[in-house]
Amino acid sequence: MIRRGRRAAVRCAVPAAVLALAAAGCGIRGTSVPVDAGGAPSRVSCHAPGPGAVTAAGAERVAVYLVCGSALVSVERQVARPQAAPGAAVRLPVARVLLAELQKPPTPDETRAGFSTAMPGTLRVDGPHAGDAPEALRLSAEPDDLPSFALAQLVCTYGRSAALGRTGGALLGGPGPAAAHRYDCSPDVQANPDAAQHAGWGDSQSEES
């Protein structure tokens, strides 16, 4: 009985040895201890709570576009109401307020929901140059020199602003003499801002007359 048990043990050991050699041949290294691969990757909601149901006196609600994952998503903020009459006079104050919102770090709630911003803190916006269309805005850097996500954030935030006319885009130029060009906030730009500069943005075909 003992001899038979030993033979059976030998027979059972042979397949195990074969499997071990096969694993070694495939480049798989055995281990005698459990491997901790870490927790499963967390998913972000891309849904941040708004600023609350009550709008403060002298404030208004605006939508700004932040980065979440690899796309742009609008977030509601409360901002001080620009002190200017409706029309052309209010465009620049509104543009500056919206740019300032994009340059702020996301709130704790927005951060937990996965939001971030790519907007450079040094960027500034000014009114149109002589010869520009009245709705043109001039940046302190050439639009195409901005990170693609930052440019998309700016264009979509400006293009969907009620105070700026909800034009769906923005007529932007840099500090130099080059003409301002129109950049549109299309669904493709919102879904993939990194490809925005390869979508015909700012070319002569989309320039405002």
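**Disulfide, sheets and voids in a predicted model**

Mentor: C46 and C68 form a disulfide, with their sulfur atoms 2.1 Å apart; a disulfide here is a pair of cysteine sulfur atoms within 2.5 Å. This is a predicted model, where local features need pLDDT of at least 70 and side-chain atom pairs count only at pLDDT 80 or more, while totals for chains, interfaces and linings use all residues. Residues are numbered from 1 along each chain as its sequence is written, and side-chain values use heavy atoms, with hydrogens and water left out.

Trainee: Which parts does the pair C46 and C68 tie together?

Mentor: C46 lies in the loop between α1 (2–25) and β1, and C68 is in strand β1, so the link ties together parts that are 22 residues apart in sequence. Helices (H or I, at least four residues) and strands (E, at least two) are DSSP runs, numbered from the N terminus.

Trainee: Left-handed or right-handed, the link of C46 and C68?

Mentor: Left-handed, with -90° about the S-S bond.

Trainee: And how many disulfides does the count come to?

Mentor: Two disulfides.

Trainee: OK, sheets. What is the bridge partner of C68 in β2?

Mentor: A71. Strand β1 (residues 59–68) runs antiparallel to β2, and 10 bridges join them. Two strands count as paired if DSSP finds at least two bridges between them.

Trainee: In what order do the three strands of that open sheet come?

Mentor: β2-β1-β3, with antiparallel pairing. β2 (71–80) and β3 (115–116) are at the edges with a single partner strand each, so one side of each has no neighbour in the sheet.

Trainee: What about the sheet of four strands?

Mentor: That one is also open, in the order β4-β5-β6-β7, and its pairing is mixed. Its edge strands are β4 (125–126) and β7 (181–184), each pairing on one side only.

Trainee: How many bridges do β4 and β5 pair over?

Mentor: Two, in the antiparallel sense, with β5 covering residues 137–139. D126 stands opposite R138 in β5.

Trainee: Which strands does α4 lie across?

Mentor: Helix α4 (residues 148–159) lies across β1, β2 and β3, running at about 150° to β1. α4 also lies across β4, β5, β6 (169–173) and β7, at about 125° to β6. Contact means heavy atoms within 4.5 Å. Axes are lines fitted to C-alpha atoms, for helices over the stretch in contact, and angles run from 0 to 180 degrees between N-to-C directions.

Trainee: Where does the largest share of the cavity lining come from?

Mentor: From α2, with three residues. The lining residues include V94, V97, L98 and E60.

Trainee: And what volume has the largest pocket?

Mentor: About 150 Å³. β1 gives the largest share of the pocket lining, four residues, and among the lining residues are E60, R61, V62 and A63.

Terms used
1 Å grid on protein atoms, 1.4 Å probe; cavity = no way out; pocket = protein on both sides within 12 Å on 5 of 7 lines; lining within 4 Å. Points joined across faces, edges and corners; volume = space filled by probe spheres on them.
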